[in-house]
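Work through the exercises below with the sequence and the model open. Try each task before reading its solution.

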Amino acid sequence: MKICLIEPSKFVSLTNFVSTISMPPIGLAYIAAALREAGHEVTVVDGPGSAPRHFFEFRGINIRGLENDKIIERIPEDAEVIGLGCMFSSNWVYVRELVKGIRDRFPKTRLVMGGEHVTGFPEFSLEQAPLDAVVLGEGEEIIIRLLDRWRKGEPIDDLAGIAFRREDGTVQTNPRHNRIRDLDSIPWPAWDLFDIEQYNAVNQPHGASQGRFMPMLATRGCPFQCTFCTSPHMWTTEWTARDHKNVVDEMQTYMQRYGVTDFQFEDLTAIVRRDWMHAFCDEVLARGMKITFQMPSGTRSEAIDFELAKKLKAAGCHEFAFAPESGDPAVLKAIKKKVDLDKMFHSANQALQAGINVGCFFIIGFPEDTYKSVFKTYAAMIKCAWLGFTNVNLNAYSPQPNTESFNQLRENGVIRELDDDYLMSLFTFQDFGARKTSYNPRFGHRELSFLVIFGQGLFYVFYFLRKPVRIYYLFRDFFSDRAANKSNKMVKSMFKDAIGLLKTRLGRLFKTA
């Protein structure tokens, strides 16, 4: 079959540092590869990657990439199935309009969508947009089986891992499909269908930029059940690792094919098994690869000791990201975050001594938070700054679709409507320039917004006081294609997008003059 896959354009805010990331869409690239291996003819329309320096507005928010009509123009006329991804529910209000536009242009073509949004809200998504089906969770095997049924004209009522629209217009959600056990059987992402040169020219990766980069996945899933996280529903709690040699083979291929030297691992929880990490590093070192890479350690921070940190540094690791989320053990217990703060700080100190940059993620505004717990989180952030962490990201709590915490808020009547206001608020929780939505009765919306800004500022005050020379490094990085750490990279990305937005607005001004 002839399949067209679409990566919709993305919301951008200069004060939402996550939104200024410009990375090749690894999820869609995996799906493209799986479809192609199954014998399908695949084309891709990459909205953000096709125009990463083009911005336009939707409901007062800037969007990076191609407008919907430009995306629709690029869809081949003979496409038999059109597939889209929607990872973040905050983007749904915009992606929904794209789906409607595609349906108007291709009234008889099958439309299918995957990603965390439709996995969390399958019925809601099918009711709001003219999709034929949505894929739930891990998509490579499910999409192939769905297309096979459609190609043969067979019913899909019993096909696990999908929700779909029946002929009478009602929605049916089928049981979930089992996770893929053998990750090495999945073909590597089909990066030849994407403009990797364009992404590297923009140079706004997830972690600190250390050269030509490529996203990677070495593992899938996370073994924990944090109440606020979408992973248990999207991936289940099964953590699976690829063969370390297969990962290194892929990295070497990208070095030869794209001139890549920096690898951005996008795993949920990369470091679970110490033996796997040792074997991975040994393989990189044995092959004499001159590379850099960054990865999240997620929850299993205690797996890192000085021996492993030294080996990771020798292999090229330049950055870790820990995710304790709160500085209060009582809140950590309530949100089922299995992190021992003392062990985390010990592991972080080991990594810092080995020469690896360390970052951290915190959240305030959990329904369980109090002023006391917020102050404990502030204290943990100050400790991070004083120990030498190179970045800390403080966000407001946000009830993501179908998480345990979200479902509890719905049961308690705190979230009543799944309207556009709720969906758009999911974008603002990481945006320092936007008013937060508080789901905690102790904090108002403006108060929570202040607490987030104050806490983030508190970290950077101590961050620069601890080492004033970092101010010099920050300015130095402005004139380099590299960044010493993630903090510097985020500031550079913000200014790059600010320049892009200014050029776009000036262009429109002169065009209408």
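**Exercise 1: the strands around β7**

Strands β6 (residues 81–85) and β7 run parallel and are joined by five bridges. The model is predicted, so local features need pLDDT of at least 70 and side-chain atom pairs count only at pLDDT 80 or more, while totals for chains, interfaces and linings use all residues. Residues are numbered from 1 along each chain as its sequence is written, and side-chain values use heavy atoms, with hydrogens and water left out.

Task: Find the bridge partner of Leu-84 in β7. Then find what joins β7 to β8, and state how enclosed β7 is.

Solution. 
- Step 1. Helices (H or I, at least four residues) and strands (E, at least two) are DSSP runs, numbered from the N terminus. Two strands pair if DSSP finds at least two bridges between them.
- Step 2. Leu-84 has Met-113 of β7 as its bridge partner.
- Step 3. Move to the next strand. β7 and β8 (residues 133–135) run parallel, joined by two bridges. Val-112 is partnered there by Ala-133 of β8.
- Step 4. Check burial, where buried means under 20% relative accessible area, exposed over 50%, and partly exposed in between (1.4 Å probe, protein chains only). Four of the five residues of β7 (residues 110–114) are buried, so β7 is largely enclosed by the rest of the structure.
- Step 5. β6, α4 and β7 form a right-handed β-α-β unit. Right-handed here means that, with the strands pointing away from the viewer, the path from the first strand over the helix to the second runs clockwise.

**Exercise 2: the seven-stranded sheet**

Task: Give the strand order of the open sheet of seven strands. Which strands stand at its edges?

Solution. 
- Step 1. The order is β3-β1-β6-β7-β8-β9-β10, and the pairing is mixed.
- Step 2. β3 (41–46) and β10 (171–173) are the edge strands; each has a single partner strand, so one side of each lacks a neighbour in the sheet.
- Step 3. On average, neighbouring strands of this sheet are turned by 20 degrees against each other, direction ignored. Axes are lines fitted to C-alpha atoms, for helices over the stretch in contact, and angles run from 0 to 180 degrees between N-to-C directions.
- Step 4. β1 (residues 2–7) pairs with β3 in the parallel sense over six bridges. Glu-7 stands opposite Asp-46 in β3.
- Step 5. Place the helix. α1 (residues 26–37) packs on the sheet and touches β1 and β3 (contact means heavy atoms within 4.5 Å). The direction of α1 makes about 175 degrees with that of β1.
- Step 6. Pick a residue of α1. Gly-27 lies in this helix. Gly-27 is partly exposed, with a relative accessible area of 40%.

**Exercise 3: the three-stranded sheet**

Task: Give the order of the open sheet of three strands. Then locate Arg-59.

Solution. 
- Step 1. The order is β2-β5-β4, with antiparallel pairing.
- Step 2. β2 (10–12) and β4 (55–58) are at the edges, each with a single partner strand, so one side of each has no neighbour in the sheet.
- Step 3. From one strand to the next, the twist averages 45 degrees.
- Step 4. Four bridges pair β4 with β5 (residues 61–64) in the antiparallel sense. Glu-57 stands opposite Asn-62 in β5.
- Step 5. Arg-59 lies in the loop between β4 and β5. Arg-59 is not a glycine, yet has a positive phi of about 55 degrees. Most residues other than glycine have a negative phi.
- Step 6. α4 (residues 92–105) lies across β2, β4 and β5, running at about 95 degrees to β4.

**Exercise 4: two helix pairs**

Task: At what angle do α11 and α12 pack? How do α15 and α18 cross, left-handed or right-handed?

Solution. 
- Step 1. Two packed helices are described by the angle between their axes and the distance between the axes.
- Step 2. α11 (residues 274–286) and α12 (residues 306–315) pack at about 30 degrees, with axes 9 Å apart. They are therefore roughly parallel. Angles under 35 degrees count as roughly parallel, over 145 as roughly antiparallel, 65 to 115 as roughly perpendicular and the rest as oblique.
- Step 3. α11 passes α12 in a left-handed crossing. A crossing is left-handed if the near helix is turned anticlockwise from the far one by less than a right angle, and right-handed if clockwise.
- Step 4. The axes of α15 (residues 371–387) and α18 (residues 445–466) come within 8 Å and cross at roughly 25 degrees. That makes α15 roughly parallel to α18.
- Step 5. The crossing of α15 and α18 is right-handed.
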